Amino acid sequence: YDSSGPSGRTRRVAIRNNLFADIRMDYALDTVRVIQFNALEDLAIDHNTFVFTGSDARDVIRAFDMNTTGLSYTNNVVPYGNGLWADCGTGAAALACRLPGAVLERNVFIGGTMGALPGTNFFPADNAAAGFESFVTGAADFRGYALSTTSPYAGMATDGSTPGIDAAAIDRAMGR
């Protein structure tokens, strides 16, 4: 948001099919944030996988200062950590005060608590319960961070695919 210039509010941003790996506290200023923003309009965060090292505290979403409208957070795989944070509340309160009308659907929030957020989301206890392809101490390559065909969440995304990254699509984008 450019409060002092003519450009104004950022609109129509999409963050899709990305793997965010090796997210950890020694890279952070004060807390690990998965996604942080303010004052956006029509932000779509879809089919991403976020991988953390260790048990660093983290917020799935941090929103502050001004409301973001039109947030669609769908089909992602992410450790729940501290959940949603805003300068005016956490969890459902953060949604109400800074993310009015947000849609959170078919996300796999690892370690979260069922009912902590609105919408149809999934809350496996840990990485093993999420059903990654080969996520033991770190996948041999990015494909290991995709949910497997035997994951309880396979085929459970809003589009009928599996939440998180589409490893085949990433391969195609990389010319493999």
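**View 1. The disulfide between Cys 88 and Cys 97.** At 22% relative accessibility, Cys 97 counts as partly exposed, a class lying between buried, under 20% relative accessible area, and exposed, over 50% (1.4 Å probe, protein chains only). Cys 88 is also partly exposed, at 37%. This is a predicted model, in which local features need pLDDT of at least 70 and side-chain atom pairs count only at pLDDT 80 or more, while totals for chains, interfaces and linings use all residues. Residues are numbered from 1 along each chain as its sequence is written, and side-chain values use heavy atoms, with hydrogens and water left out. The S to S distance from Cys 88 to Cys 97 is 1.8 Å, where a disulfide is a pair of cysteine sulfur atoms within 2.5 Å. The torsion about this S-S bond is about 85°, so the disulfide is right-handed.

**View 2. The largest nonpolar core.** This core, a set of buried Ala, Val, Leu, Ile, Met, Phe, Trp, Tyr and Cys residues joined through side-chain atoms within 4.5 Å, has 24 residues, and those with the most contacts inside it include Phe 37, Ile 61 and Leu 99. Among the elements that give two or more residues to it are strand E3 (32–37) and helix H1 (92–98), strands (E, at least two residues) and helices (H or I, at least four) being DSSP runs numbered from the N terminus. Apart from it lies another core, of 11 residues, among them Val 77 and Phe 135.

View 3. Asp 171 counts as buried, at 14% relative accessibility. Leaving aside residues up to four places away in sequence, Asp 171 touches Phe 142, Arg 143 and Arg 176, contact meaning heavy atoms within 4.5 Å.
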